[in-house]
Amino acid sequence: MKITFMGAGSTVFAKNVLGDTLLTPALCECEIALYDIDRNRLDESFIVIDALNKKYNASKAKITKHLGVEQRKDALRGANFVVDAIQVGLYDPCTKIDFEIPKKYGLRQTIGDTLGIGGIFRGLRTIHVLKGFAKDMEEVCPDALFLNYTNPMAILSGYMQRYTGVKTVGLCHSVQVCSRGLLDSLGMKDVEIGSELIAGINHMGWLLEIRDKQGRDLYPEIKRLAR
(Lines give C-alpha, C1' and ligand atoms only; values in the text may rest on other atoms or scores of the structure.)
Protein backbone atom coordinates (compact mmCIF):
# COMPACT_ATOMS: atom_id res chain seq x y z
CA MET A 1 0.00 0.00 0.00
CA LYS A 2 1.24 3.50 -0.84
CA ILE A 3 0.13 6.77 0.74
CA THR A 4 1.22 10.06 -0.83
CA PHE A 5 1.09 13.20 1.27
CA MET A 6 0.78 16.37 -0.82
CA GLY A 7 1.91 19.40 1.14
CA ALA A 8 4.09 17.41 3.51
CA GLY A 9 5.77 20.67 4.56
CA SER A 10 2.77 21.11 6.87
CA THR A 11 4.88 19.32 9.46
CA VAL A 12 2.47 19.26 12.40
CA PHE A 13 -0.41 18.07 10.24
CA ALA A 14 1.75 15.46 8.53
CA LYS A 15 2.99 14.24 11.91
CA ASN A 16 -0.55 13.79 13.23
CA VAL A 17 -2.00 12.06 10.17
CA LEU A 18 1.00 9.90 9.33
CA GLY A 19 1.75 9.21 12.98
CA ASP A 20 -1.69 7.62 13.25
CA THR A 21 -0.95 5.70 10.06
CA LEU A 22 2.27 4.27 11.49
CA LEU A 23 0.45 3.16 14.64
CA THR A 24 -2.31 1.37 12.70
CA PRO A 25 -1.50 -2.34 12.17
CA ALA A 26 -3.18 -2.50 8.76
CA LEU A 27 -1.15 0.45 7.47
CA CYS A 28 2.16 0.34 9.34
CA GLU A 29 4.09 -1.44 6.55
CA CYS A 30 2.99 0.94 3.81
CA GLU A 31 5.10 3.18 1.62
CA ILE A 32 4.75 6.88 2.45
CA ALA A 33 5.72 9.45 -0.19
CA LEU A 34 6.18 12.99 1.11
CA TYR A 35 5.73 15.76 -1.47
CA ASP A 36 6.23 19.51 -1.19
CA ILE A 37 7.63 22.45 -3.14
CA ASP A 38 9.62 23.86 -0.19
CA ARG A 39 12.91 21.99 0.29
CA ASN A 40 13.51 23.06 3.90
CA ARG A 41 10.03 22.20 5.10
CA LEU A 42 10.04 18.91 3.21
CA ASP A 43 13.35 17.96 4.83
CA GLU A 44 12.02 18.85 8.28
CA SER A 45 8.91 16.72 7.79
CA PHE A 46 10.98 13.80 6.50
CA ILE A 47 13.12 13.92 9.65
CA VAL A 48 10.01 13.90 11.84
CA ILE A 49 8.16 11.09 10.03
CA ASP A 50 11.32 9.01 9.71
CA ALA A 51 11.96 9.37 13.45
CA LEU A 52 8.39 8.28 14.24
CA ASN A 53 8.77 5.31 11.94
CA LYS A 54 11.99 4.24 13.65
CA LYS A 55 10.83 4.82 17.23
CA TYR A 56 7.25 3.53 17.13
CA ASN A 57 7.12 1.33 14.05
CA ALA A 58 10.49 -0.48 13.95
CA SER A 59 11.11 1.16 10.54
CA LYS A 60 8.50 -1.07 8.91
CA ALA A 61 7.22 1.71 6.64
CA LYS A 62 9.19 2.99 3.67
CA ILE A 63 9.50 6.80 3.68
CA THR A 64 10.49 8.77 0.57
CA LYS A 65 10.53 12.47 -0.21
CA HIS A 66 9.83 14.27 -3.47
CA LEU A 67 10.54 17.93 -4.20
CA GLY A 68 8.81 20.16 -6.72
CA VAL A 69 6.50 19.69 -9.68
CA GLU A 70 9.13 17.76 -11.63
CA GLN A 71 9.03 15.00 -8.96
CA ARG A 72 5.28 15.09 -8.39
CA LYS A 73 4.42 12.15 -10.64
CA ASP A 74 7.01 9.99 -8.91
CA ALA A 75 5.43 10.86 -5.57
CA LEU A 76 1.98 9.92 -6.86
CA ARG A 77 2.89 6.90 -8.98
CA GLY A 78 1.05 3.80 -7.78
CA ALA A 79 -0.51 5.53 -4.76
CA ASN A 80 -3.60 4.00 -3.16
CA PHE A 81 -4.37 7.09 -1.10
CA VAL A 82 -3.40 10.71 -1.66
CA VAL A 83 -3.67 13.11 1.27
CA ASP A 84 -3.92 16.77 0.31
CA ALA A 85 -2.90 19.44 2.84
CA ILE A 86 -1.58 22.44 0.93
CA GLN A 87 -1.81 26.20 1.25
CA VAL A 88 -1.31 28.13 -1.97
CA GLY A 89 0.26 31.55 -1.56
CA LEU A 90 1.16 31.10 2.11
CA TYR A 91 -0.44 32.91 5.02
CA ASP A 92 1.54 36.03 4.17
CA PRO A 93 0.56 37.53 1.80
CA CYS A 94 -2.39 35.55 0.44
CA THR A 95 -4.40 34.58 3.52
CA LYS A 96 -3.95 38.10 4.91
CA ILE A 97 -5.40 39.47 1.68
CA ASP A 98 -8.39 37.12 2.12
CA PHE A 99 -9.13 39.04 5.32
CA GLU A 100 -8.13 42.55 4.34
CA ILE A 101 -10.05 42.99 1.08
CA PRO A 102 -13.47 41.98 2.50
CA LYS A 103 -12.75 44.14 5.57
CA LYS A 104 -12.01 47.12 3.31
CA TYR A 105 -15.57 46.89 1.98
CA GLY A 106 -17.23 46.28 5.34
CA LEU A 107 -17.60 42.51 5.03
CA ARG A 108 -16.74 40.27 7.97
CA GLN A 109 -14.60 37.38 6.77
CA THR A 110 -13.37 34.64 9.07
CA ILE A 111 -10.69 32.18 8.08
CA GLY A 112 -12.18 31.51 4.64
CA ASP A 113 -12.08 27.75 5.14
CA THR A 114 -15.51 27.10 3.64
CA LEU A 115 -16.96 29.99 1.63
CA GLY A 116 -17.41 33.77 1.73
CA ILE A 117 -15.30 36.24 -0.24
CA GLY A 118 -12.05 35.04 1.30
CA GLY A 119 -13.03 31.44 0.67
CA ILE A 120 -13.69 32.20 -3.00
CA PHE A 121 -10.28 33.88 -3.32
CA ARG A 122 -8.61 30.94 -1.66
CA GLY A 123 -10.55 28.45 -3.76
CA LEU A 124 -9.69 30.11 -7.06
CA ARG A 125 -5.96 30.14 -6.41
CA THR A 126 -5.97 26.55 -5.11
CA ILE A 127 -8.12 24.94 -7.81
CA HIS A 128 -5.37 25.63 -10.35
CA VAL A 129 -2.94 23.53 -8.29
CA LEU A 130 -5.47 20.73 -7.69
CA LYS A 131 -6.07 20.62 -11.43
CA GLY A 132 -2.42 19.66 -11.84
CA PHE A 133 -2.68 17.08 -9.06
CA ALA A 134 -5.73 15.55 -10.73
CA LYS A 135 -4.07 15.37 -14.14
CA ASP A 136 -1.07 13.54 -12.70
CA MET A 137 -3.25 11.22 -10.62
CA GLU A 138 -5.38 10.27 -13.59
CA GLU A 139 -2.16 9.25 -15.34
CA VAL A 140 -0.13 7.48 -12.64
CA CYS A 141 -2.61 6.41 -9.93
CA PRO A 142 -6.11 6.52 -11.47
CA ASP A 143 -7.69 4.32 -8.81
CA ALA A 144 -6.35 6.26 -5.81
CA LEU A 145 -8.67 7.93 -3.31
CA PHE A 146 -7.97 11.65 -2.85
CA LEU A 147 -8.41 12.67 0.81
CA ASN A 148 -8.74 16.44 0.78
CA TYR A 149 -7.88 18.33 3.95
CA THR A 150 -7.20 21.60 2.13
CA ASN A 151 -9.59 24.53 2.54
CA PRO A 152 -11.95 25.91 1.35
CA MET A 153 -13.25 22.39 1.83
CA ALA A 154 -16.57 22.51 -0.02
CA ILE A 155 -15.26 24.46 -3.01
CA LEU A 156 -12.19 22.27 -3.55
CA SER A 157 -13.86 18.91 -2.92
CA GLY A 158 -16.73 19.95 -5.19
CA TYR A 159 -14.29 20.89 -7.95
CA MET A 160 -12.49 17.56 -7.74
CA GLN A 161 -15.73 15.57 -7.71
CA ARG A 162 -17.42 17.51 -10.49
CA TYR A 163 -14.62 18.32 -12.93
CA THR A 164 -12.05 15.53 -12.57
CA GLY A 165 -12.08 11.76 -12.67
CA VAL A 166 -10.42 11.49 -9.26
CA LYS A 167 -12.33 9.81 -6.44
CA THR A 168 -12.43 12.47 -3.73
CA VAL A 169 -13.49 12.71 -0.09
CA GLY A 170 -13.35 15.94 1.91
CA LEU A 171 -12.14 15.56 5.49
CA CYS A 172 -11.60 17.84 8.48
CA HIS A 173 -10.45 17.43 12.08
CA SER A 174 -13.22 19.69 13.41
CA VAL A 175 -15.47 16.76 14.37
CA GLN A 176 -12.81 15.36 16.69
CA VAL A 177 -12.44 18.60 18.65
CA CYS A 178 -15.81 20.35 18.46
CA SER A 179 -17.42 18.68 21.49
CA ARG A 180 -14.45 19.31 23.74
CA GLY A 181 -14.27 22.90 22.56
CA LEU A 182 -17.99 23.38 23.19
CA LEU A 183 -17.81 22.08 26.75
CA ASP A 184 -14.69 24.08 27.56
CA SER A 185 -16.25 27.30 26.28
CA LEU A 186 -19.24 26.75 28.58
CA GLY A 187 -17.13 26.15 31.67
CA MET A 188 -17.59 22.36 31.61
CA LYS A 189 -13.87 21.60 31.43
CA ASP A 190 -14.02 18.90 34.10
CA VAL A 191 -16.68 16.87 32.28
CA GLU A 192 -15.34 13.73 30.59
CA ILE A 193 -17.03 12.87 27.31
CA GLY A 194 -18.21 9.28 27.13
CA SER A 195 -19.89 9.21 23.73
CA GLU A 196 -21.06 11.57 21.02
CA LEU A 197 -23.02 11.29 17.79
CA ILE A 198 -22.22 13.75 15.03
CA ALA A 199 -23.79 13.76 11.56
CA GLY A 200 -23.82 15.99 8.52
CA ILE A 201 -21.54 17.02 5.70
CA ASN A 202 -18.04 18.31 6.13
CA HIS A 203 -17.80 21.71 7.83
CA MET A 204 -21.51 21.43 8.60
CA GLY A 205 -21.52 18.80 11.32
CA TRP A 206 -24.41 18.57 13.81
CA LEU A 207 -23.82 17.31 17.33
CA LEU A 208 -26.90 15.11 17.79
CA GLU A 209 -26.02 13.44 21.09
CA ILE A 210 -23.37 13.91 23.75
CA ARG A 211 -23.08 11.94 26.99
CA ASP A 212 -20.58 11.78 29.84
CA LYS A 213 -18.68 8.70 31.06
CA GLN A 214 -21.71 7.64 33.14
CA GLY A 215 -24.00 7.83 30.11
CA ARG A 216 -25.81 10.99 31.25
CA ASP A 217 -27.19 13.31 28.59
CA LEU A 218 -25.15 16.54 28.61
CA TYR A 219 -27.40 18.51 26.30
CA PRO A 220 -29.76 19.93 28.98
CA GLU A 221 -26.82 21.51 30.80
CA ILE A 222 -25.24 22.69 27.55
CA LYS A 223 -28.49 24.42 26.56
CA ARG A 224 -28.86 26.00 30.01
CA LEU A 225 -25.35 27.44 29.97
CA ALA A 226 -25.53 28.57 26.34
CA ARG A 227 -28.60 30.79 26.84
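**Notes on the predicted model**

1. At 19% relative accessibility, Cys172 counts as buried, where buried means under 20% relative accessible area, exposed over 50%, and partly exposed in between (1.4 Å probe, protein chains only). The sulfur of Cys172 has its closest cysteine sulfur in Cys178, at 9.9 Å, which is too far for a bond.

2. Residues are numbered from 1 along each chain as its sequence is written, and side-chain values use heavy atoms, with hydrogens and water left out.

3. Cys30 is also buried, with a relative accessible area of 3%. Its closest cysteine sulfur belongs to Cys28 and lies 7.9 Å away, too far for a bond. With a disulfide taken as a pair of cysteine sulfur atoms within 2.5 Å, the count of disulfides is zero.

4. Six strands make up an open sheet with parallel pairing, in the order β3-β2-β1-β4-β5-β6. Strands (E, at least two residues) and helices (H or I, at least four residues) are DSSP runs numbered from the N terminus, and two strands pair if DSSP finds at least two bridges between them. At the edges are β3 (62-67) and β6 (167-170), each of which pairs on one side only. Neighbouring strands of this sheet are turned by 20° against each other on average, direction ignored; axes are lines fitted to C-alpha atoms, for helices over the stretch in contact, and angles run from 0 to 180 degrees between N-to-C directions.

5. Strand β1 (residues 2-6) runs parallel to strand β2 (residues 31-36), and five bridges join the two. Met6 has Tyr35 of β2 opposite. Across β1 and β2 lies helix α1 (residues 11-22), which runs at about 170° to β1. Helix α6 (residues 153-163) packs on the sheet and touches β5 (145-148) and β6, its direction making about 165° with that of β6. Contact here means heavy atoms within 4.5 Å.

6. Arg125 belongs to helix α5 (residues 116-140) and counts as buried at 19% relative accessibility. Apart from neighbours within four places in sequence, Arg125 is in contact with Val88, Cys94, Thr95 and Asp98. The side chains of Arg125 and Asp98 are joined by a polar contact of 2.8 Å. A polar contact is a pair of N or O atoms within 3.5 Å; within protein, one must be able to donate a hydrogen and the other to accept it, and residues adjacent in sequence count only if both atoms are side-chain atoms.

Note on methods. This is a predicted model: local features need pLDDT of at least 70, side-chain atom pairs count only at pLDDT 80 or more; totals for chains, interfaces and linings use all residues.
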